[in-house]
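Keep the structure open beside you as you read.

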Amino acid sequence: MLEVIGKELEPFRQQASENFQQTLQALEKNINQHTTNVVSKAVLEIKNQQKEETHSVVLLGDTGVGKSTVARYLSGTLDTGNAENPFKVSHGETVLTNEVHRYTDNVFGGKLEEVKYVKLHIGDTPGLGGTAENIEGEKISDEEVLELIRGHINLHCKGETQGLSAFLLVLDNNADINAESLKLYINKFTAEDLAKNLILVLNRSKLKTMDDETLELFKGEFLEIIGDGRPLRPGTKELVGNIKAVHFNFSKSDNGSKDPCLPKDQEMLHEQLKELVKLIQEKGKHKYRCLKRPLNSSTSPDPCRGNGKKLTKKC
Ligand SMILES: Nc1nc2c(ncn2[C@@H]2O[C@H](COP(=O)(O)OP(=O)(O)OP(=O)(O)O)[C@@H](O)[C@H]2O)c(=O)[nH]1
Ligand SMILES: [Mg+2]
């Protein structure tokens with residue numbers, strides 16, 4: 001009797017055994033996959049920690065071109081309003097960046113895997129064009145703005161970043177290049193030092209086309225300015241020819257705040273950000289430290305810049 005029952009039950013037993021084997025295999029595969037994921041994530045974390053690096057950058061450009069917006073994007077704070085944000089975005093006529101605002105964080109707040117090990121010490125500066133005011137609300141001249149920027153670089157772009165990796169000059173890609181502002185930056189930082197550490201951020205750009213017209217016009221303008229008989233260090237023109245640009249574009253929040261936000265096509269924007277990080281790393285191999293006296297200011301002695309031969313005082 002028992003034998004008969006055993007035979008009847010055999011197919012069920014076999015089925016149960018097969019099911020059990022399959023479940024076991026699936027479980028094993030899952031565990032392996034999970035372990036691989038955990039291990040590779042941990043390895044990436046360790047690699048990233050080993051590679052962690054910090055770069056100082058300052059944002060330059062005319063009023064309203066989007067410097068503070070770019071600063072928010074770089075630090076991953078686009079979704080935080082003016083009250084809590086280190087970078088104040090201006091709307092309409094009210095200029096809200098009146099001193100150099102600084103903040104350090106991982107690129108895009110560490111939310112972009114490939115570049116999250118890079119930290120940026122960002123200086124968001126008041127725009128040129130005679131529009132900036134000091135915190136008391138009094139107008140400040142472009143020369144005073146430039147002095148604020150230089151003071152910021154000398155005071156805050158040292159320590160672990162060992163100098164400034166890049167000047168990020170923000171231009172509105174739909175507007176003409178302002179030769180007056182460019183002249184002022186060149187006079188302040190010298191043509192060679194500026195060109196050596198300069199990266200253009202072409203804002204309000206069409207990310208689908210990203211044409212190089214503004215970049216080429218900019219180089220032409222730069223060369224025209226420095227070609228007006230100023231003494232130049234050898235290689236300066238080649239440095240200008242090698243200036244690179246990235247294209248950014250932002251949208252406006254539809255919550256009534258008019259604050260900038262990420263555009264629909266974030267992927268293209270993030271690709272440009274990764275490109276910008278690469279350029280900053282490249283520029284960061286030769287930091288700007290405000291050590292040299294500008295060749296074109298022989299009449300104005302500047303204790304920060306020494307006597308043109310040897311550094312005498314620290315900035
Ligand atoms: N449509 C559009 N608007 C932008 C873009 N970037 C910035 N804006 C807007 O332009 C205005 C000025 O932006 P800010 O980032 O404050 O410009 P800024 O250069 O820091 O200006 P100042 O600090 O006053 O010199 C804000 O209303 C932004 O929302 C962009 O790519 N597209
Ligand atoms: Mg601003």
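Predicted model: local features only at pLDDT ≥ 70, side-chain atom pairs only at ≥ 80, totals over all residues.

The buried residues of helix H3 are covered by several elements, including strand E1 (53-60), strand E3 (118-124) and strand E4. In H3, the buried residues are Val145, Ile149, His152 and Ile153. They cover an arc of only 95 degrees around the axis, which puts them on the same side of H3. Turn to the other side of H3, and you will find Glu143 and Leu155 exposed.

The length of this helix can be checked too. H3 covers residues 142-156, and at 1.5 Å a residue its 15 residues should span 21 Å. The end C-alpha atoms are 21 Å apart, which agrees with that expectation.

Now step back to the whole chain for a moment. The protein chain holds eight helices and eight strands. It has 315 residues, and buried residues make up 31% of them. Among contacts with a separation of 6 or more, 71% are between residues 24 or more positions apart.

Which strand is largely enclosed by the rest of the structure? It is strand E5, residues 198-203, because six of its six residues are buried. Leu198, Leu200 and Leu202 point one way from E5, while Ile199, Val201 and Asn203 point the other way. In a regular strand, side chains alternate between the two faces of the sheet. Here the residues pointing either way are buried.

E5 has partners in E4 and E6. Strand E4, residues 164-172, runs parallel to E5 and is joined to it by six bridges. Strand E6, residues 244-247, also runs parallel to E5, and four bridges join the two. To find your place in these pairings, look for Val170 opposite Val201 in E5, and for Leu202 opposite His247 in E6.

Val201 sits in strand E5, whereas Thr63 lies in the loop between E1 and H2. Is Val201 buried or exposed? Val201 has 25 other C-beta atoms within 10 Å, and therefore counts as buried, the cut-off being 20 or more. Thr63 has 18 C-beta neighbours inside 10 Å, so it counts as partly exposed.

Both residues have contacts beyond their neighbours in sequence. Leaving aside residues within four places, Val201 is in contact with Val70, Leu168, Leu169, Val170, Val246 and Phe248. The table gives one pair of residues for each.

| Pair | Separation in sequence | C-alpha to C-alpha distance |
|---|---|---|
| Val201 and Asn249 | 48 residues | 9.9 Å |
| Thr63 and Ala132 | 69 residues | 8.0 Å |

Finally, have a look at the ligand. Which residues come nearest to ligand 1? Of the 22 residues around it, the nearest are Gly66, Ser68, Thr69, Thr97 and Gly127. Helix H2, residues 67-75, supplies the largest share of the shell around ligand 1, with three residues. By class, that shell has six nonpolar, twelve polar and four charged residues.

Terms used. Residues numbered from 1 in each chain as written. Chains lettered and ligands numbered in written order. Buried ≥ 20, exposed ≤ 12 C-beta atoms within 10 Å, placed from the backbone. Pairing = 2+ DSSP bridges. Contact = placed C-beta atoms within 7 Å. Near = placed C-beta within 6 Å. Nonpolar A, V, L, I, M, F, W, Y, C, P; charged D, E, K, R; others polar. Expected span 1.5 Å × (residues − 1). Arc of directions from axis to C-beta.
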